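Let's take a walk through this protein together. Have the model in view and follow along.

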Amino acid sequence: FVTIIVFLSALGTSGFSLTPQHLSKWNPASSTSKNLSFVGTTTSRSSTKSTASTSNVATSVTSEELEMMLHDWDLPLVIDAYASWCGPCLLMAPEFEAAAQELEGKVRFVKLDTEKEEQMASRLHIQGLPTMLFLSKLGDGLSGGINGGALKDRIEGAMSKEDILALCEEHFFTDQEVN
């Protein structure tokens, strides 16, 4: 817990405004709060909460692998653009993995290391970390398509598992027709 407070204090000096309201909204024992400014208690990107499965569903991809996915895909795609030095990215990693496990077989979750894949990060217009891109097949999303997919949403900042699941429900599983 002390590590997290020190870490969050350091964030306050680099442009992230940490206020008492942030701390009052954060409950490490509960992942059901909807108004979180940050999530998680883990300090390692590769660690996940213990689950029945020991393998990661959300896999790391290279630019080339992502290109192939965008040309030949059958599931909606959520991309987590992160960096290993990014504190909010580290805090969100277990939440992203938990959402990936819950939607396994319905939505594909991948992670793109923006340090290793700088050109792809630039092509995707990644400006803040973490950034999540929600993509579906072309023709049923917002403008700003990427290869064979339509950008449904772009979210900058760490999110809880519940918020990620809610966005997937909204963008991929809810009928978007307006009468």
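Leaving aside its neighbours within four places in sequence, which residues is Met132 in contact with? Counting a contact as heavy atoms within 4.5 Å, Met132 touches Val78, Ile79, Asp80, Met92, Phe96, Asp153, Arg154, Ile155, Met159 and Ile164.

Before going further, a word on what you're looking at. This is a predicted model, so local features need pLDDT of at least 70 and side-chain atom pairs count only at pLDDT 80 or more, while totals for chains, interfaces and linings use all residues. Residues are numbered from 1 along each chain as its sequence is written, and side-chain values use heavy atoms, with hydrogens and water left out.

Back to Met132, which is one of the residues with the most contacts inside the largest nonpolar core. Such a core is a set of buried Ala, Val, Leu, Ile, Met, Phe, Trp, Tyr and Cys residues joined through side-chain atoms within 4.5 Å. Buried here means under 20% relative accessible area, exposed means over 50%, and partly exposed is in between (1.4 Å probe, protein chains only). This core has 19 residues, and Val78, Phe96, Phe109, Phe134, Ile164 and Cys168 join Met132 among the best connected. Helix H4 (87–102), strand E4 (131–137) and helix H6 (161–173) each give two or more residues to it, with H6 giving the most, five. Those labels are DSSP runs numbered from the N terminus: helices are H or I with at least four residues, strands are E with at least two. A second, separate core has 17 residues, including Val61, Met69, Leu124 and Ile126.

Met69 takes us to helix H3 (residues 63–71), where the buried residues are Ser63, Leu66, Glu67, Met69 and Leu70. The buried residues of H3 pack against strand E2 (77–82), E3, helix H5 (118–123) and E4.

Strand E3 (residues 108–113) also holds Lys111, which counts as buried because its relative accessibility is 10%. Lys111 and Ser60 are 51 residues apart in sequence, yet 4.5 Å apart in space, C-alpha to C-alpha.

Finally, look for the one disulfide in the whole structure, a disulfide being a pair of cysteine sulfur atoms within 2.5 Å. It joins Cys86 to Cys89, with S to S at 2.4 Å, and the link is right-handed, with 75° about the S-S bond.
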